[in-house]
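Hi everyone, thanks for coming. I'd like to walk you through a structure today, so please have the viewer open.

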Amino acid sequence: MGDAVLLWGRLVGAQIRSQAQYRVSLVLEILGAFLLSFIDFLAIVVIFHNTPRLAEWNVQEVAFLYALSSISFALTDLLIGHLDQFPQKIRDGNFDIMLVRPRGTLFQVLGSDFQMRRLGKAFQGIAVLAYALSVLHVHWTIARLAVLLVSVPAGVVIFASVWVVFGCMAFWTTDGGEFTNAFTYGGSFLAQYPIDIYSAWLRRFLAYAVPLAFVCYFPALFVLGKHDPLGLPRGLQVVSPAVAVVATVVAGCAWRFAVRHYRSAGG
Amino acid sequence: MIEVEHLAKRFVVRRGRFRRQRHVVEAVKDISFRVERGELLGYLGPNGAGKSTTIKMLTGILVPSDGRVSVAGLTPSRQRIELAKRIGAMFGQRIQLWWDLPLLDSFELLRHIYKVPADRYRTNLARFRDVLDLDPFLHTPVRQLSLGQRIRGELTASMLHGPELLFLDEPTIGLDVVAKQRVRDFLIEINREDGVTVLLTTHDLGDIERMCDRLLVIDHGSLIWDGGIAELRERYGAERTLIVDLEEPAPPLEIPGARVERVDGPRQWLRFRGSASELTARVAASARLVDLQIAETDIEEIVRRIYSEA
């Protein structure tokens, strides 16, 4: 395990070094991503310009929710955003290369394309979080701080697992990119808003099927000390790490199953 | 080193735009062969014959539909990672090097992926730098390398961990004559001196003729030849062609022991077995000869004939 982390560090390090060779371009790209992702947030500001509350949430609370989702999403994107291009790897058969190396294939995919420019969105999420916390007057307890700190890594793992599961589609469809995007980008978009604004079926889908509600909705309720408008058990608000573990296991099994059905490409 | 028994691979494909029908394509059907340690053998076949599919089953990329495979005592699809440590693989049309990194960085990363001890890595790399002449482009990003340079890099990449068995899929594809020769010399050297077993697929008969003692030929998923190159030549290549230029166009010559294969103006192609001088004398007796030449049957021709017989 330690060895794998070290190797991942080397794989990523080599890519960072090569991207850092064009320093100005890299800085501009990070800055661009940083500014561009404010457009998302602007949409939220526009909504609240017209209405003081969305369900039982005010603009600061939704900003907090948005920031949690945004940071987790951006870090996931940084880690495995290139899963987007995975169908291409399957189609041209370059996945073969990973199969003849003495390492796990999912691990190799994770280390294969690390794009520093995606940090821009994470910085934006942190900026929004700082703003939200500065205006929200959270009554901090150790438990609340712990839930906040754990919710980001747990959120990354949950997002990443969802991406991997849908990325597995590529083994059959060889071109499932758009379908996968509906759940990855679409999912992160849905997670930016409090799920109680959605209709019941979508809520259940987000809470239980694709567990994105655990990325930020439930942790946010806990940290902000909000009463759950849906009246769901309070326990759900602190189980994100456990959900992350389950999601990892599911994603791992899906991946293993998919690889056994890999058909490669001709030539 | 390699044992293959009744190996088969079937793919299900769906055809048709609206009413999709399932078709089963048998890419490889019922193949059996053995490869001993230290062999350098060629695996030949036309496009889509099942060459790559076989190699992919031997390296653990594809799971066989039927039959048994054992490579270095392991079952590839179940012990993929164990096997990967002991074999090297290079696919001429796939890139295993990191596109944006200098060549040397790719080697460094591979060293850690394969957990090659530092001293062994240094010795191996020093040798490949020397034999494959890597020094001029060792610090160049892979995307800037010429095809020949990249293939030399890829070969090094697949050999750095010191595999006992090397799979090469079209290693010389697209290379010029000089680069091809360099790759061939290198493969012969690691086979003779280090005892590395090499199995290579190729379209290039020159590769086979210069490197391999044994040849497997596959067509439509079945093995149609497994044996030495000399025997192959003897069996299918005993016939030669005498090309004669006559003084003026004539109807096909009728000479005992030969048959005219082609006529083009005053030039005629006669296929024959046995002594060329006897035949030449007979031709000279029945027509006025200007010039003549004898063509040996090359492997390409032989393979074409096996294909058409099979």
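This is a predicted model: local features need pLDDT of at least 70, side-chain atom pairs count only at pLDDT 80 or more; totals for chains, interfaces and linings use all residues.

Let's start with chain B. Domain 1 of chain B runs over 2-234, and domain 2 over 238-309. Their C-alpha centres are 40 Å apart. Where the two domains touch, domain 1 of chain B contributes 12 residues and domain 2 of chain B contributes 8. On the domain 1 side, the elements giving two or more residues are helix H7 (205-211), strand S8 (214-219), strand S9 (222-228) and helix H8 (229-236) of chain B. By class, that side has 8 nonpolar and 4 charged residues, with no polar ones.

Now chain B as a whole. You'll find 10 helices and 13 strands in chain B, and the C-alpha trace spans about 75 × 55 × 40 Å along its principal axes. Of the 310 residues of chain B, 35% count as buried. If you take the contacts in chain B with a separation of 6 or more, 67% of them are between residues 24 or more positions apart.

One element to click on is helix H1 of chain B. How many of the residues of H1(B) are buried? The count is 8 of the 8, so H1(B) is largely enclosed by the rest of the structure. Lysines are on that buried list too, namely Lys51(B) and Lys56(B), along with others including Ile55(B), Met57(B) and Leu58(B). Just after H1(B), look for Gly60(B), which takes a positive phi of about 90°.

Next, how the chains meet. The contact involves 26 residues of chain B and 19 residues of chain A. On the chain B side, two or more residues come from each of helix H1 (51-58), helix H2 (80-86), strand S5 (87-91) and H3 of chain B. That side divides into 14 nonpolar, 6 polar and 6 charged residues.

Let's zoom in on one helix pair there. Helix H1 (residues 2-20) of chain A packs with helix H3 (residues 103-113) of chain B at an angle of about 170°, and their axes are 10 Å apart. H1(A) and H3(B) are therefore roughly antiparallel to each other. Which residues meet? From H1(A) we have Leu7(A), Arg10(A), Leu11(A) and Ala14(A), and from H3(B) we have Asp105(B), Leu109(B), His112(B) and Ile113(B). In this contact, 5 residues are nonpolar, 1 is polar and 2 are charged.

Over to the nonpolar core. In soluble globular proteins, nonpolar side chains tend to be buried together. Here the largest nonpolar core has 137 residues, and Ile158(A), Cys168(A), Leu212(A) and Ala220(A) touch the most other members. Leaving aside residues up to four places away in sequence, Ile158(A) touches several residues, among them Leu212(A), Phe214(A), Val243(A) and Ala247(A). A second, separate core has 6 residues, including Leu270(B) and Phe272(B).

Last stop: Trp163(A), in helix H9 (residues 142-167) of chain A. Is Trp163(A) buried or exposed? Trp163(A) counts as buried because it has 26 C-beta neighbours inside 10 Å, and the cut-off is 20 or more. Beyond residues up to four places away in sequence, Trp163(A) touches Thr76(A), Ile80(A), Leu83(A) and Thr184(A). Phe183(A) is 20 residues from Trp163(A) along the chain, and their C-alpha atoms are separated by 7.6 Å.

Note on methods
Residues are numbered from 1 along each chain as its sequence is written. Chains are lettered from A and ligands numbered from 1 in the order in which they are written. A nonpolar core is a set of buried Ala, Val, Leu, Ile, Met, Phe, Trp, Tyr and Cys residues joined through C-beta atoms within 7 Å. A residue is buried if 20 or more other C-beta atoms lie within 10 Å of its own, exposed if 12 or fewer, and partly exposed in between; C-beta atoms are placed from the backbone. Two residues are in contact if their C-beta atoms, placed from the backbone, lie within 7 Å. Axes are lines fitted to C-alpha atoms, for helices over the stretch in contact, and angles run from 0 to 180 degrees between N-to-C directions. Helices (H or I, at least four residues) and strands (E, at least two) are DSSP runs, numbered from the N terminus. Angles under 35 degrees count as roughly parallel, over 145 as roughly antiparallel, 65 to 115 as roughly perpendicular and the rest as oblique. Ala, Val, Leu, Ile, Met, Phe, Trp, Tyr, Cys and Pro count as nonpolar, Asp, Glu, Lys and Arg as charged, and the others, Gly among them, as polar. Domain bounds come from an automatic or database domain assignment.
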